[in-house]
Amino acid sequence: MQEKDKIHSGELYLPNDKDIMAEQLLCLEKLYNFNATRPTEYEKREKMLKEMFAEIGDGCYIEPPFHSNWGGKHCHFGKNVYANFNLTLVDDTHIYIGDYTMIGPNVTVATAGHPILPELRQKGYQYNFPVTIGKNCWIGAGAVIVPGITIGDNVVIGAGSVVTKDIPSNVVAVGNPCRILREIGERDKEYYFKNRKIDYSVL
């Protein structure tokens with residue numbers, strides 16, 4: 001099996017393989033061009049993302065600068081996904097993000113890891129495991145999501161959290177390591193922030 005065939009297998013491989021690097025470089029050229037667009041070039045950005053990503057739905061917006069190992073080539077976004085400044089997608093294998101998910105600034109979603117054994121790291125070995133984030137989630141600023149993680153639907157991940165274990169749907173989870181704080185419940189239908197009530201008459 002060639003090194004490029006191991007990228008999505010979870011097996012150890014050498015990412016500095018010449019065939020891998022040649023393909024990756026083309027993706028990074030597209031990413032460079034995306035990050036060089038002007039704020040007024042919204043339609044141009046939208047078109048570029050459709051060419052860069054494996055899949056991306058309508059209404060998605062990524063605020064440059066956007067950082068990605070493969071320029072989004074292994075990323076699958078639903079519709080109406082929003083990402084603020086400095087999103088980093090370490091997309092050496094697949095990243096799936098569901099409809100209406102919002103991502104704060106300086107978030108990192110990583111699929112790539114390196115062996116604990118120093119001798120293997122010295123040789124440059126890497127492995128990749130996919131990450132899945134469900135629909136209608138809010139990933140707070142500065143959160144880090146590590147390889148192999150699944151986050152359910154309607155989840156809020158607190159700012160600065162480091163997600164090292166799967167998170168089920170309909171919860172608020174915070175901290176390092178990220179833990180479930182509480183379920184999303186009836187009070188959330190009445191209050192949107194601390195003691196600030198939702199005024200449904202103006203929504």
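This is a predicted model: local features need pLDDT of at least 70, side-chain atom pairs count only at pLDDT 80 or more; totals for chains, interfaces and linings use all residues.
Where is the place of Val-202? Val-202 sits in the segment after strand 21 (196-197).

1. Val-202 has 62% relative accessibility. The cut-off for exposed is over 50%, so Val-202 counts as exposed. Together with Tyr-200 and Leu-203, Val-202 makes a nonpolar surface patch of about 400 Å².

2. **A sheet that begins with strand 1.** Strand 1 runs parallel to strand 4 (residues 75-77), with two bridges between them. Look for Glu-55 here: its bridge partner in strand 4 is His-76.

3. **A sheet that begins with strand 3.** Another open sheet of five strands has the order 3-6-9-14-17, also with parallel pairing. Strand 3 and strand 17 (162-163) are the edges, and each pairs on one side only. Follow the order from strand 3. Strand 3 (residues 66-68) is joined to strand 6 by three bridges, in parallel. Ser-68 stands opposite Leu-89 of strand 6. Strand 6 then pairs with strand 9 (residues 108-110), again parallel and over three bridges. There, Val-90 faces Ala-110 as its opposite residue in strand 9. Strand 9 and strand 14 (residues 144-145) run parallel and are joined by two bridges. Thr-108 stands opposite Val-144 in strand 14.

4. **Strand 6 from both sides.** In a regular strand, side chains alternate between the two faces of the sheet. Strand 6 (residues 87-90) can be read this way: Leu-87 and Leu-89 point one way, while Thr-88 and Val-90 point the other way. Which are they, buried or exposed? All are buried.

5. **The largest pocket.** The largest pocket holds about 520 Å³ of space. Its lining has 14 residues; Trp-138, Val-156, Arg-182, Asp-188 and Tyr-192 lie nearest its centre. Strand 18 (171-174), strand 19 (179-183) and strand 20 (191-193) are the elements that give two or more residues to the lining. Strand 20 gives the largest share, three residues.

6. **Two cis peptide bonds.** Most peptide bonds are trans. The bond that joins Pro-64 and Pro-65 is cis, with omega about 0 degrees. Pro-65 lies in the loop between strand 2 (61-62) and strand 3. The bond from Asn-176 to Pro-177 is also cis, with omega near 0 degrees. Pro-177 is in the loop between strand 18 and strand 19.

7. **Two asparagines with positive phi.** Most residues other than glycine have a negative phi. Asn-86 has a positive phi, near 65 degrees. Asn-86 lies in the loop between strand 5 (82-83) and strand 6. Its relative accessible area is 27%, so Asn-86 is partly exposed. Asn-136 has a positive phi too, near 55 degrees. Its place is the loop between strand 12 (131-133) and strand 13 (138-139). Asn-136 has a relative accessible area of 46% and is therefore partly exposed.

8. **A contact across the sequence.** How many residues apart in sequence are Gly-124 and Tyr-13? They are 111 residues apart, yet 8.3 Å apart in space, C-alpha to C-alpha. Gly-124 is in the loop between helix 3 (118-122) and strand 11 (127-128). With 28% relative accessibility, Gly-124 counts as partly exposed.

Technical notes: Residues are numbered from 1 along each chain as its sequence is written. Side-chain values use heavy atoms; hydrogens and water are left out. Two strands pair if DSSP finds at least two bridges between them. Helices (H or I, at least four residues) and strands (E, at least two) are DSSP runs, numbered from the N terminus. Patches are made of residues with over 30% relative accessible area and no salt bridge: like charges are joined within 9 Å, nonpolar side chains (Val, Leu, Ile, Met, Phe, Trp, Tyr) within 5 Å. Accessible areas come from the Shrake-Rupley method with a 1.4 Å probe; for residues, only the protein chains shown count as cover. A salt bridge is a side-chain nitrogen of Lys or Arg within 4 Å of a carboxyl oxygen of Asp or Glu. Buried means under 20% relative accessible area, exposed over 50%, partly exposed in between (1.4 Å probe, protein chains only). On a 1 Å grid over the protein atoms alone, a cavity is a set of points where a 1.4 Å probe fits but cannot get out, and a pocket is an open set with protein on both sides within 12 Å along at least five of seven lines; lining residues have an atom within 4 Å of a point. Grid points are joined across faces, edges and corners, and a volume is the space filled by probe spheres set on the points.
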